[in-house]
Amino acid sequence: MRLRVLGSNGTYPTPGRPCSGYLVDSGDTVVMLDAGPGTLAALQEAGEVGRLSALVLTHAHPDHCADVFSLYHLMRLGPEPRAGLPTFAPEGLAAAFAQFLRADEDHAFHRVFDWHTVGPGDTVRLGNFEIAFGLAEHQVLTLAVSLVADGKKLVYSADTGPGGDLAALASGAHLLLCEATFQGEQGAAAWPYHLSASAAGALARAAGVGRLLLTHLNPMLDPERSVAEAAAAFAGPVEWVALGLEVQV
Ligand SMILES: [Zn+2]
Ligand SMILES: [Zn+2]
C-alpha cells in the first residue's frame, strides 16, 4: 500500500501547499481521500485522474472538499471525460453540492459522481481495500477512515478533537495520518474539534500505531516544532507531510 500527499494545509491553502488531499493505492485500486483546494492540480500532476477507483470525502468543510466542483468540471469537460466515479461521503454532502450547483435530478453532476452515503460503523469493500468509517469529533458530521490492504492498515483522522472513534479505529494501524492543527497548550482548551501535535502523539501511542504522520497543520506554525511536540508523546517515527511526499505503508 502506498500513500501520496496531494495537499496537507489545515484551513486554507498557501502557495505550493494545497489543503487536505491524499492518494492511497494498492495494485490497481486508487482511492483519493478528501479534495481540498489545490489538490485537483496535484492529482493531475500525479497523472491519476483516469485511474481513480473512488473518492472519499470526510466532511463538508471547504478545506476538505472544495475541489469537488473543479473535479466535476474536469471529468465532465476535460480531455478524458468519465462518469460514475464511486464517491463516499457523509449524509447530506452530495445534496449540499447539488444545491450549490442548482443541480436537479437530471443534472450531469449526478452522473459524473456515483454518490454513496456512508456513516460511522460502515465498511466498504473496494478492489484491494477494506474501508471502514468511524465518527470524528468535529463541528459537522465527519468520518475518520481506515483502509486495509496487503495486510497493512492506514488510518486517516480527518478533522477531529480527542473524542470520537479515532483511537479505536487506529488501533494497531501501521500508519496513522493524523491531524495536528495546533501546538502547545492550544487544542482541546482553545478549540475542542481539533488536535494539538502532542495530543496526536498521545493518541498514536495509546492506539499502538507503527508510524505517525502529522497533517492539517495551521499554515502559520513551524512544522518542525509540531513534529518535536508529537515525538515527545510518541516513541515511534513521526514526520509532517506536504505535497509530493510518498510513503510505502
Ligand atoms: Zn480542516
Ligand atoms: Zn473540518
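A donor, as the word is used here, is an N, O or S atom within 2.8 Å of the metal, and because water is not among the atoms, a site may look incomplete. The model discussed below is a predicted one. With that definition in hand, D159 can be described as a bridge between the zinc ion (ligand 1) and the zinc ion (ligand 2), which lie 3.5 Å apart.

The two sites are set out in the table.

| Ion | Protein donors | Donor distances |
|---|---|---|
| zinc ion (ligand 1) | D63 (OD), H64 (NE2), D159 (OD), H216 (NE2) | 2.1 to 2.2 Å |
| zinc ion (ligand 2) | H59 (NE2), H61 (ND1), H138 (NE2), D159 (OD) | 2.1 to 2.3 Å |

Around the zinc ion (ligand 1), the four donor atoms subtend angles of 88 to 164°, and the arrangement is therefore irregular. Along the chain, the donors of this zinc ion (ligand 1) follow the spacing D-H-x94-D-x56-H. Since D63 belongs to helix α2 while D159 sits in the loop between β10 and α6, this pair ties together parts that are 96 residues apart in sequence. Both D63 and D159 are buried.

For the zinc ion (ligand 2), the angles subtended by the four donor atoms run from 91 to 163°, which again makes the arrangement irregular. The donor residues of the zinc ion (ligand 2) are spaced H-x1-H-x76-H-x20-D in sequence. Here H59 comes from the loop between β4 (54-56) and α2 (62-65), and D159 from the loop between β10 (152-156) and α6 (166-169), so the pair ties together parts that are 100 residues apart in sequence. H59 is buried, as is D159.

Another loop residue, N218, is found between β12 (212-215) and α8 (223-233). N218 has a relative accessible area of 17% and is therefore buried, the limit being under 20%. A polar atom of the N218 side chain lies 2.8 Å from the backbone nitrogen of M220.

Turning to the sheet, seven strands form an open sheet with mixed pairing, in the order β6-β5-β4-β3-β2-β1-β14. Because β6 (113-117) and β14 (246-248) stand at the edges with a single partner strand each, one side of each is left without a neighbour in the sheet. From one strand to the next, the twist averages 20°. Within this sheet, β1 (residues 2-7) pairs with β2 (residues 21-26) in the antiparallel sense over five bridges, and R2 has D25 of β2 as its bridge partner. Helix α3 (residues 68-77) lies across β4, β5 (85-89) and β6, and runs at about 145° to β6.

Conventions. Residues are numbered from 1 along each chain as its sequence is written. Chains are lettered from A and ligands numbered from 1 in the order in which they are written. This is a predicted model: local features need pLDDT of at least 70, side-chain atom pairs count only at pLDDT 80 or more; totals for chains, interfaces and linings use all residues. Side-chain values use heavy atoms; hydrogens and water are left out. Donors are N, O and S atoms within 2.8 Å of the metal (3.2 Å for Na, K and Ca); water is not among the atoms, so sites may look incomplete. Four donors count as tetrahedral if all angles lie between 85 and 135 degrees; four count as square planar and six as octahedral if opposite donors are over 155 degrees apart and all others between 65 and 115; anything else is irregular. Helices (H or I, at least four residues) and strands (E, at least two) are DSSP runs, numbered from the N terminus. Buried means under 20% relative accessible area, exposed over 50%, partly exposed in between (1.4 Å probe, protein chains only). A polar contact is a pair of N or O atoms within 3.5 Å; within protein, one must be able to donate a hydrogen and the other to accept it, and residues adjacent in sequence count only if both atoms are side-chain atoms. Two strands pair if DSSP finds at least two bridges between them. Axes are lines fitted to C-alpha atoms, for helices over the stretch in contact, and angles run from 0 to 180 degrees between N-to-C directions. Contact means heavy atoms within 4.5 Å.
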